[in-house]
Amino acid sequence: MSNSLIVAKFGGTSVADFPAMSRCADIVLANPAIRLVVVSASSGVTNLLVDITRQTEVVARFDAYAGIEKITLAVLEKLQQPHAVAAEIETLLADLRNLIETGGAVYSGAHKDLIQSFGERLSSVLFAQVLRERGTKASAFDVRRVLRTDSRFGKGEPQIKEIAALAEVHLKPLLADQLIVTQGFIGADVTGQTTTLGRGGSDYSAALLGEALQADIVQIWTDVVGIFTTDPRLTSEARCIPEISFDEAAEMATFGAKVLHPATLIPAMRRNIRVFVGSSREPEAGGTWIARQVEHKPAYRAIALRKSQTLITVKSPEMLHAAGFLARVFDILSRHQISVDLVTTSEISVALTLDETPGSAFNQNMEPALTELRSFCEVTVEQGLSLVAVIGNQLHSSKGVTGDLFSALEKINMRLICHGASRHNLCFLVQEEQAAKVVKDLHQRLFN
């Protein structure tokens, strides 16, 4: 066994079916340092599980279940020795059917997380068998034994010290003589109830396990060849970035780049673990390395776009020379679990950008928060906006940087600009319908 340890995570499209899993097995077996594999649910399965939790009628729930069963059995049937895991797969499917049959009209948060855990639990059993059939010793491991979270269902908060302690006892000894396949996205609270880390949480799971096991590298295998200078769907001139710093990558993930879950880099940064992002379809095509120190630090690294932004402007004469006004505003937003991205202030007003994408707290909690804010100030709400973030290095102090940017944007109506708070980004809001063209034009100006 190699002295180094690599944690390899494969996303939903990478384990979508048997041929995809076979490609992932090639990647794993080509590198003896890969000892822990973290898998997502097969592509489409999580959406179907979420659909089950949202349906109130048993018939509709079983319609979604049928899709899950079809995807799962299609992989099972392609195995050389399907009987080796058939009983385990059937037990999992039977448990899921039982939750559908016995669930009431509305599932609790705990039941939703339990139901949504089945995708990863099924794919990990199947992928471990794919590896065994390639002649290697491999086992599926229930990550809920080590990935401890709090009891906030739907978005469990990892308990870092407990994860490290449990991994040392239950997981690390297994890595000495076999490959371990485990699940992303899910964990358990102190009572053993299943929790989830939120959509996209499999990347985060891999990084948390890498941190707990003091891994050298965390690999994120997905359906794109690394991190690009911008979304390739917006311009054909987007290109893969060979290396990027933790700080730059964190800004990209925060401001809309879909390749990485925003929280993924936090454990890697704490432990200084290098992260690699590549395509499981084209592993030979290279990818992007993310590290604390990188050789090249260009002024402009990438452009990120985040749609569905809302601008809230809070105005009150009481703000003039008054202490505590901003604290009051942010306390209200915090209590309603509404995350603020950008902030600009004037003498009597403050402008805030909020994310209204599906799944964010905005959709459930915004109206109560606005009601509280309106009790002591004037509030204006503007929707239909997009946030564009230019990511790079020393953007707050490099000569000529802002001149280049603003000359490129001279014909664009920018609703808000945020610059100076970070040396790694310059952000602005534009109308949603202009956003794609803005990114394309800006990319042409800055990168060609």
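User: What places Lys 437 and Asp 441 about one turn of the helix apart?

Analyst: Lys 437 and Asp 441 both belong to helix H14, which spans residues 435-447, and they are four residues apart, about one turn of the helix; helices (H or I, at least four residues) and strands (E, at least two) are DSSP runs, numbered from the N terminus. This is a predicted model, in which local features need pLDDT of at least 70 and side-chain atom pairs count only at pLDDT 80 or more, while totals for chains, interfaces and linings use all residues. Residues are numbered from 1 along each chain as its sequence is written, and side-chain values use heavy atoms, with hydrogens and water left out.

User: Why is the contact of Lys 437 and Asp 441 called a salt bridge?

Analyst: The term requires a side-chain nitrogen of Lys or Arg within 4 Å of a carboxyl oxygen of Asp or Glu, and the N to O distance here is 2.6 Å, so the pair qualifies.

User: Why is Lys 437 called exposed, and what is Asp 441 called?

Analyst: Buried means under 20% relative accessible area, exposed over 50%, and partly exposed in between (1.4 Å probe, protein chains only). Lys 437 has 56% and is therefore exposed, whereas Asp 441, at 36%, counts as partly exposed.

User: How do you know that Arg 301 and Glu 248 link distant parts of the chain?

Analyst: Their side chains meet in a salt bridge at 2.9 Å, N to O. Arg 301 lies in strand S11 (residues 300-315) and Glu 248 in helix H9 (residues 246-254), 53 residues apart. Arg 301, with a relative accessible area of 7%, is buried, and so is Glu 248, at 0%.
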